[in-house]
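Subject: Structure handover

Hello,

Here is the structure I said I would pass on. Please open it first and keep it beside you while you read the notes below.

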Amino acid sequence: MSVNLTLLIVMGALYACGIYLILERSLTRVLLGLMLLANATNLLILATGGYAGLAPLFSKDTPARDYNDPLPQALILTSIVISFAVTAFMLGIIYRTWVLARQDDIQDDAEDLRVAVTPSFDAEDDAEVPAETSEFPLTMLGSDGKDVSDRGASGGDTDRDTDRVATLVAGGREMPAEHAAAEEKPGSLNVDHSPEGGGK
């Protein structure tokens, strides 16, 4: 099969421009990039069909190699319909964004930024000794790893027991058990919460 070099050059240029535009933050540029990618894909499918031939209408006198392949034409028609639907959908999103915010750029979401800076350390999952890190102190392990709690309920020396602080070894570091329990509550203590839409 021979390929038209001009179609390949145009297709490569359309793909390059389309990918560049998709990486922008403007929704209009993203839409233009999607349109360029759709047209480049149509040219790619057209190039796979080879040179033009006879119309694919069966005749006993015409050899099979002289016919044009109808499959790329059907795929291009399907691609045009899909790209039209995606373009209409993107135009609706662009219009709604302009009505609500009077801007075309995609903004950083405050909740996404908060989740991004939240540490991946989980006191319950990353602990060397599995421990229940709830807000109820009687359900946590003591610092010796055996007692249920550091609060002297087993008849030990209460003065010695009250001086100890319950700790957990997790993620290669030692931390107080109450900090580990705080990690499980809504709203991490390690994150500076800012109002919605505001930055740090």
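In this predicted model, the axes of helix α2, which covers residues 27-48, and helix α3 come within 10 Å of each other and cross at roughly 180°. An angle over 145 degrees counts as roughly antiparallel, so α2 and α3 are roughly antiparallel to each other. Sorted by class, the contact of α2 with α3 has 17 nonpolar residues, seven polar residues and no charged ones. In general, the angle between the axes and the distance between the axes are what describe two packed helices.

Is I94 buried or exposed? Its relative accessibility is 14%, and because buried means under 20%, I94 counts as buried. I94 and S26 are 68 residues apart in sequence, while their C-alpha atoms are 9.3 Å apart in space.

Next, the loop between α3 (70-101) and α4 (110-117), which is the place of R102. R102 has a positive phi of about 55°, although R102 is not a glycine. For context, most residues other than glycine have a negative phi. R102 is also exposed, with a relative accessible area of 56%.

As for charged pairs, how many salt bridges are there? The count comes to two.

- E24 and R29 meet through their side chains in a salt bridge, at 3.4 Å from N to O. E24 is partly exposed, with a relative accessible area of 24%, and R29 is partly exposed as well, at 43%.
- R114 forms a salt bridge with E111, and the closest N and O atoms are 2.8 Å apart. R114 and E111 are three residues apart in helix α4, so about one helical turn separates them. R114 counts as partly exposed at 28% relative accessibility, and E111 is partly exposed with a relative accessible area of 36%.

On the surface, L5, L8 and I9 form a nonpolar patch. Together these residues have about 300 Å² of accessible area. I9 sits in helix α1, which spans residues 5-22. With a relative accessible area of 57%, I9 is exposed, because the cut-off for that word is over 50%.

T167 is partly exposed, with a relative accessible area of 21%. How far apart are T167 and A177 in sequence and in space? They are ten residues apart in sequence and 4.8 Å apart in space, C-alpha to C-alpha.

Last, the overall picture. The secondary structure of the protein comes to six helices and two strands. Reading along the sequence gives the pattern α-α-α-α-α-β-β-α. The protein has 200 residues, and buried residues make up 23% of them.

If you want an order for going through the model, take the α2 and α3 pair, with its axes within 10 Å, then the loop that holds R102, then the salt bridges E24 to R29 and R114 to E111. The patch of L5, L8 and I9 and the pair T167 and A177 can follow.

Regards

Methods. Residues numbered from 1 in each chain as written. Predicted model: local features only at pLDDT ≥ 70, side-chain atom pairs only at ≥ 80, totals over all residues. Heavy atoms only, no water. Helix = DSSP H or I, 4+ residues; strand = E, 2+ residues; numbered from the N terminus. Buried < 20%, exposed > 50% of the residue type's maximum accessible area, 1.4 Å probe, protein only. Patch = residues over 30% accessible without salt bridge, like charges linked within 9 Å, V, L, I, M, F, W, Y side chains within 5 Å. Areas by Shrake-Rupley, 256 points an atom, 1.4 Å probe, with all protein chains shown as cover. Salt bridge = Lys/Arg side-chain N within 4 Å of Asp/Glu carboxyl O. Axes fitted to C-alpha atoms, helices over the stretch in contact; angles between N-to-C directions. Parallel < 35°, antiparallel > 145°, perpendicular 65-115°, else oblique. Nonpolar A, V, L, I, M, F, W, Y, C, P; charged D, E, K, R; others polar.
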